[in-house]
Amino acid sequence: MDRQHGFLDTPIEYLKGVGPKRADMLKKELNIYVFDDLLTFYPFRYVDRTKFQKIKDIRDELNYVQIKGHITNLTTVGVNRSARLVATFTDETGSIELIWFNGFKWLKDSVKIGVHYIIFGKPSLFNNKFNISHPEIETVESADASPVTVNLQPFYSSSEKLRAGGLDSRGIGKLTKTLVAQAAGQLPETLRHDIIENARLMSREAALSTIHFPQDQNSLLKAQARLKFEELFYIQIKLLKQKVYRVQKIKGVSFGTIGKHFNDFFHNNLPFELTGAQKRVLREIRQDAATGKQMNRLLQGDVGSGKTLVALMTMLMALDNGYQSCLMAPTEILAQQHFKTLTRFLEGLDIRVEILTGSTKAAKRRVIHEGLQDGSISIIVGTHALVEDTVQFKNLGLAVIDEQHRFGVAQRARMWQKNEITPHILVMTATPIPRTLAMTLYGDLDISVIDELPPGRVPIKTLHYWDSARLRVFGFMKEQIKKGRQIYIVYPLINESETLDLKHLMDGYESISRSFPLPEYAISIVHGQMKSAEKDYEMQRFIKGETNIMVATTVIEVGVDIPNASVMIIENAERFGLSQLHQLRGRVGRGAEQSYCILMTGNKVSSDGKKRIETMVQTTNGFEIAEADLHLRGPGDLQGLQQSGILDLKIADIVQDEKILKYARGLAMEIINTDPTLEKPENAVILNQLNTTYREKGNWGMIG
C-alpha cells in the first residue's frame, strides 16, 4: 500500500494483542490495515452503563439492558456441541434466563448462586420469554471497587469470523483502548488552528480519544462534531479543487457557432415549444460550451421534463462547430429508446445517427466504426460498448451520459480519452438529487435543473389500494382498456421467494390471464431473465398496441415511452424505494389523457412503507420525493451511490449533518477561492491531509 510512513501508517499486526492471524482477519473483514484505520473505525452505538433496568421493564425495543440481581439456578443443558449453560437470574421484579453456548467451563466454576451480579447484554424473545445470550457479568462488589473509566460503552461492528477469533465488539474495544493510549502525543493536527478556534472544535487527538471512550454525552457530541466537520470539509476541498483545476487547466472544444443544423431543427422539427426551464438550461450550456474550457455539467430533470430534447439540441451545437456527439445509456432498452427518439426528432434532416450496443452484429459494427472514424456519423447512441478501445472518433466534442450513477467511474473516465481535446460532458439524470446530496456527490459539476414539465401534460393521479380491493381495480382496468388505453402491471420478483410473501410475476401473469381472457384482452410479459430478442418482441407488441396489458418486472423502469399507456399498477408497492416508485410512475402520463398510478399493497405494511406510499399519493414532485427518500433510507442505500466512492462516509450523515456540510462547504470555498492550489504556507496542513486522504481513492472527481 502506498502510504506515508509514520505512527498512523504502522501495520496493524504490530499493535499489542493483534499479531499476524488477527491482522489478517481485520484486513479481510473490516479493511483495517494500519493504526489509522483502527482509530477511524468508529463505534456505531453507545450504551449508558450508569443506567439499570428492572427485569419486569425489559421490552423488545431495548437493544441492551443492564440489570442487578443474583443467580438462583445454574445448570448445563445438552451434551457435546449442543451443550449450553443456563442460569436463572432474579431481581425483586422477576426472573430472566442467561445462556452461554460455548466456552462456559471456566464460567461454571466461577459463577456462584446467591452472589450479587451486574449483567449486561442484548435481550431476545424466545417462546414469549426474554433471555440474554452471552451477557457480560461481574460482581457488584468488583464493579463498585473499580474506577469508572467511561459511562458510555462503545459498540463496534464485527462479523462471525471476527467474533470466533475473539474480536467481538468488546475485543475490538480493547485493541482500540491500547491504540488510543499508545497514540497520545503522536496524532498530528489536520486542520488549521484558526479553523479549530473559529468553529470551536476539539483537537483531533482529543476527538479520536473521546469518540471511542466518551465520559459523557456532551463530550461525545463535541468529538462527533469535530470528526464530522473534518470528513465533510475534505470532501468539499477535494471537489472544489478539482473543479478549479478543470476550469483552469483542461482545455475544451469551443461551440462558438449556432448554425444551420441547430436552426433547421429549431424552426422546422421542434415537436413543441420549449419550456422556460429548457430555454434557460440551453442558455447555460451554450455559454459554458463556448468558453474554450471543458464543460462538466449535470442536467437534472424529472421524468418527462424534456432532458433528451435539450441533449439533442446541444449535440446540434456540436455538429454546427464540426464535432461529433455520443449518448451513452446504461441499458440496451434505454439506448434503443434514445435512438428512436433522436431519429424521430431529426426526421427529414441530413444528420446520420447510429446505435452501438453489445448485440450489434459484427458487420454492422465495422460500418459504424468506419463512420465514426471518417466523421460521416454525427451522433452515436450506445451502451458501455462506446467506451471500448476499438471505438475511435474523428472529432468527438460532446459526451452525454444518461443515468450516469449506473456506470463505474473508470467507464465514464474513458470517455475523456476519445479525443485529443477533452470533450464536453453532459450528465443527465431523471433521479432528482436532494440539495445536500448534490453538494456532496456533484460538488465539482455545474448543475442545471429543468424544473417544469412541457405544456399539456396532465398530472398523474396516484391512488393506493389494499389487496382486498383487487376486484375494484380489475373493473377500473377494464374500463380503461375499453377507452383504448394500455396498462402496465409491475411486480418486484420473477419467481416465488421463500422468505418474502410477495405476489410474484408468474402467479400474477396467470391471475391476470384468467381475469382478462383472450380474444378481448391480450397480455405481454417482460422480465430480466428473458433473452433480449424475446423482450424486444414483447415490447414491440405492446408499443404497436397489439397487447393491452404489460406484465413486467422493473426492467420497464426506464427507457419505455408509450403515450397510450395511461395506467401503471405497482404490486407490493411497499417493497419498492421511493425513487423507484417515482421512476415507474413516470412511464405513464406521456400522452394528453389522464393517467393513473395505482399502488397495491398487502395488509401488513411497515411504518416506513406507509410513509413511502403516503408520499407518492401526496406529491408528483421528484425533488420532494428525493428528499423524503433520503430521509427515509439514508444516502448509502440510494441507488448507485455506493460505487461513487464519495459517500463512503465513516461518521458524517449528510441528512442529519446538513448544517455542518453547509458550513464546511462555505469554508472550503473561501479557501479554494483565495488559494486554488493550496500553496500558501498556512494551507500546508490542508494540502498534506488532502493528499494523504485521497491518495488511494483514485480520481473520482474527474467526472461527477
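Before the slides, one term: a residue is called buried when its relative accessible area is under 20%. What I am showing is a predicted model, so no experiment stands behind these values.

Helix H24 covers residues 684-694, and its buried residues are Ile686, Gln689, Leu690 and Tyr694. Viewed down the axis of H24, those buried residues sit within an arc of 105°, so they line one face of the helix. What does that face pack against? The partners of the buried residues of H24 are helix H7 (193-198), H9 and helix H23 (658-674).

Ile686 comes up again in the core. The largest nonpolar core contains 49 residues, and Ile686 is listed there with Phe229, Phe233, Ile237, Ile380 and Ile671 as having the most contacts inside it. Which helix gives the most to this core? That is H9, residues 217-249, with nine residues. As a general remark, nonpolar side chains in soluble globular proteins tend to be buried together.

Take Phe229 as an example. Leaving aside residues up to four places away in sequence, Phe229 touches Leu191, Ile195, Leu201, Ile660, Tyr663, Ala664 and Leu667.

H9 has another neighbour, helix H8, which runs over residues 204-212. In H8 the buried residues are Arg204, Ala207, Leu208, Thr210, Ile211 and His212. They pack against H9, and also against helix H2 (35-39), helix H6 (169-183), strand E1 (45-48) and strand E9 (152-155).

Now the cysteines. How many disulfides are there? The count comes to zero, with a cut-off of 2.5 Å between the two sulfur atoms. Cys326 is buried, at a relative accessible area of 0%. Cys597 is buried as well, also with a value of 0%.

Last, the chain as a whole. The secondary structure comes to 24 helices and 22 strands. Of the 704 residues in the chain, 53% are buried. As for contacts between residues at least 6 apart in sequence, 73% of them join residues at least 24 apart. The accessible surface of the chain is about 33200 Å², and carbon and sulfur atoms account for 49% of that area.

Conventions:
Residues are numbered from 1 along each chain as its sequence is written. This is a predicted model: local features need pLDDT of at least 70, side-chain atom pairs count only at pLDDT 80 or more; totals for chains, interfaces and linings use all residues. Side-chain values use heavy atoms; hydrogens and water are left out. A nonpolar core is a set of buried Ala, Val, Leu, Ile, Met, Phe, Trp, Tyr and Cys residues joined through side-chain atoms within 4.5 Å. Buried means under 20% relative accessible area, exposed over 50%, partly exposed in between (1.4 Å probe, protein chains only). Helices (H or I, at least four residues) and strands (E, at least two) are DSSP runs, numbered from the N terminus. Contact means heavy atoms within 4.5 Å. Accessible areas come from the Shrake-Rupley method with a 1.4 Å probe; for residues, only the protein chains shown count as cover. The arc is that of the directions from the helix axis to the C-beta atoms.
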